[in-house]
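This report describes the strands, the helix, the salt bridge and the confidence of one model. The sequence and the coordinates are shown first.

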Amino acid sequence: MAESTTQQQPLVGWDKPELDLSEAEWQSSSRGLGDVQIAFVEGFIAMRNSGRPESPSLIFTPAEWGAFVSGAREGEFDLT
């Protein structure tokens, strides 16, 4: 069976740079009790699963982060 190669196309509207998170200072989201860590890198907010730090991180602009946190406070997201 021949191997196939699939090229991933950038997401439409994705205007965020590839950030180097290797030197990021990760902080626990809930005083060390949660599964999420965040880091502030080059004007963006990165969020990752602390139990699997090698997994891809979510990248937010400050406006996106504000909307996410606001929704979480209103119960729209379960962060536990």
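Two strands count as paired if DSSP finds at least two bridges between them. With that criterion, Val36 stands opposite Asn49 in strand 3. The model is a predicted one, and the pairings below should be read as such.

Strand 2 (residues 36–41) is joined to strand 3 by 6 bridges in the antiparallel sense. The hairpin that these two strands make has 2 residues between the strands, and Glu42 in this hairpin adopts a positive phi near 50°. On to the other pairing of strand 3: strand 4 (residues 58–60) runs antiparallel to strand 3, with 3 bridges between them. Two bridge partners in strand 4 are listed here.

| Residue | Bridge partner in strand 4 |
|---|---|
| Ile45 | Phe60 |
| Ala46 | Ile59 |

Of the 6 residues of strand 3 (residues 44–49), 5 are buried, so the strand is largely enclosed by the rest of the structure.

**Helix**

**Salt bridge**

Side chains of opposite charge can pair when their charged atoms come close. The structure has 1 salt bridge. Arg52 and Glu54 form it through their side chains, with 3.7 Å from N to O. What is the accessibility of Glu54, and what is that of Arg52? Glu54 has a relative accessible area of 60% and is exposed, whereas Arg52, with 49%, is partly exposed. The cut-off for exposed is over 50%.

**Confidence**

The mean pLDDT of the chain is 78, and 70% of the residues score at least 70. Among the elements of the chain, strand 3 has the highest mean pLDDT (93) and helix 1 the lowest (88). Over residues 1–8 pLDDT stays under 50, and the model has 0 contacts beyond four places in sequence for these residues. Where pLDDT is low, predicted coordinates should not be read in detail.

How values were computed. Residues are numbered from 1 along each chain as its sequence is written. This is a predicted model: local features need pLDDT of at least 70, side-chain atom pairs count only at pLDDT 80 or more; totals for chains, interfaces and linings use all residues. Side-chain values use heavy atoms; hydrogens and water are left out. Buried means under 20% relative accessible area, exposed over 50%, partly exposed in between (1.4 Å probe, protein chains only). Helices (H or I, at least four residues) and strands (E, at least two) are DSSP runs, numbered from the N terminus. A salt bridge is a side-chain nitrogen of Lys or Arg within 4 Å of a carboxyl oxygen of Asp or Glu. pLDDT is the predictor's confidence in each residue, from 0 to 100. Contact means heavy atoms within 4.5 Å.
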